[in-house]
Amino acid sequence: MTEEFAHWLKDLVTDADWSRGPRDGVVLVEYADYQCPSCQAAFGTIEAVLDRIGSRVRFVVRHFPVVSIHPYAERAALAAEAAGRQGKFWEMHRRLFEARGALSDENLALYAQDLGLDVERFKQDMEDESLAAKVKKQKWQGLRSGVNGTPTLYIGELRYDGRVNETDLRTAIEAELSKDRS
Amino acid sequence: MAALSVGSKAPDFELDGSAGTTRLSDVLKENDYVVLAFFPAAFSPVCTNELNLYQEVREEFNRMGAEVVGVSVDSKWVQQAFARQNNLDFPVVADFHPKGAVAQKYGVMRSDGMAERALFIVDSEGIVRFSYVSELTKNPGADRLLEALEKMTARA
């Protein structure tokens, strides 16, 4: 990663973010679009890496729906947020990626039902303007941080421009972990 | 061959493309700035991601008085299909014949027959206010453009 292409996360991780893992762990941020095939492919890779070294990683997901080519992406992001209001953000996150693009409103309601959510409340929350504003804000912050497509990952505060395969991603996180210790 | 630097006069051009015929000076009559995005090849993965991104930011660009124009050496039929497939609302023009003549004038024509992945911001006086050539395989994103436009509009 050369200096010229170094992009820093302009908005650091806060309690307003959805995050998993230890608060003092190395931060891995993903800007994601649930309708993006590359993100769907990266999902399994990221989960596999977290299975191995996740005990030392704080994983954060932010929304970056590319709406001009992915008409369902914004609604899907809202579904994840609405599920989050009922304590099931990560379960919905997984479900949305595993749906491989089946993301119509009907599908989203079915997934909510499968996850045992209060579906009526879920539907209401999906129309909540404050959640829509949150999704838009995350996307804007991503744009300002140099997110240039999806998925875009940041390790620590720096954009990770490597390939999203298990070995490379793990190596990059481990490098950051060792930096953290020194 | 170096890309046109900040302060240079931006050569006017008239090219066919996804929005009929586009003339730079006409677009500059209706906008304070034009973001000229030269890219290597329509439908290639990085170019597609890059132009999708500019479509995503277009509303914000417009708010700051800027319009995007994409330029590559592909033909107008390719540009039309590329814009349609990706729902690109800004013009994508064909620097097709003589091949790469406009890219040449901007100093961003490569010896392998493609344009560089280069960004310029041209102001309403036709002066280059921002100039950036990315690595060919790197999508430069929108953050540099947004920062540059913010500075320009703050001064204006």
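Predicted model: local features only at pLDDT ≥ 70, side-chain atom pairs only at ≥ 80, totals over all residues.
Local features are given only at pLDDT of at least 70 and side-chain atom pairs only at pLDDT 80 or more, while totals for chains, interfaces and linings use all residues. Residues are numbered from 1 along each chain as its sequence is written, and chains are lettered from A in the order in which they are written.

**View 1. Chain A and its elements.** Chain A has seven helices and five strands; helices (H or I, at least four residues) and strands (E, at least two) are DSSP runs numbered from the N terminus. Their order from the N terminus is β-β-α-β-α-α-α-α-α-β-β-α. With a radius of gyration of 16 Å, close to the 16 Å that the globule rule gives for 182 residues, chain A is as compact as a globular protein of that length. That radius is taken over C-alpha atoms, and the globule rule is 2.2 Å times the number of residues to the power 0.38. Along the principal axes, the C-alpha atoms of chain A fill a box of roughly 50 × 30 × 30 Å. Buried residues make up 43% of the 182 in chain A; a residue is buried if 20 or more other C-beta atoms lie within 10 Å of its own, exposed if 12 or fewer, and partly exposed in between, with C-beta atoms placed from the backbone.

**View 2. Chain B and its elements.** Five helices and seven strands make up the elements of chain B, in the sequence pattern β-β-α-β-α-β-α-β-α-β-β-α. The radius of gyration of chain B is 14 Å, close to the 15 Å of the globule rule for 156 residues, so chain B is as compact as a globular protein of that length. The box filled by its C-alpha atoms, taken along the principal axes, is roughly 40 × 35 × 30 Å. Of the 156 residues in chain B, 48% are buried.

**View 3. Where chain A meets chain B.** Here 13 residues of chain A are in contact with 16 residues of chain B, contact being C-beta atoms, placed from the backbone, within 7 Å. The chain A side has six nonpolar, six polar and one charged residues. In this count Ala, Val, Leu, Ile, Met, Phe, Trp, Tyr, Cys and Pro are nonpolar, Asp, Glu, Lys and Arg are charged, and the others, Gly among them, are polar.

**View 4. The largest nonpolar core.** A nonpolar core is a set of buried Ala, Val, Leu, Ile, Met, Phe, Trp, Tyr and Cys residues joined through C-beta atoms within 7 Å. The largest one has 99 residues, and those touching the most other members include L28(A), A76(A), V35(B) and F120(B). Helix α2 (residues 73-85) of chain A gives the most to this core, with eight residues. Leaving out residues up to four places away in sequence, A76(A) touches Y34(A), Q35(A), L96(A), L103(A) and L108(A).

**View 5. Helix α5 of chain B.** L145(B), A148(B) and L149(B) are buried in α5(B). They cover an arc of only 95° around the axis, which puts them on the same side of α5(B); the arc is that of the directions from the helix axis to the C-beta atoms. The buried residues of α5(B) pack against β3 (33-38), β4 (66-72), β6 (118-123) and β7 (128-133) of chain B. On the face turned away from the buried side are the exposed residues E147(B), E150(B), K151(B), A154(B) and R155(B).

**View 6. E150(B) and M64(B).** E150(B), in helix α5 of chain B, is exposed, with 12 other C-beta atoms within 10 Å. E150(B) and M64(B) are 86 residues apart in sequence, and their C-alpha atoms are 7.5 Å apart.

Definitions and conventions
Contact = placed C-beta atoms within 7 Å.
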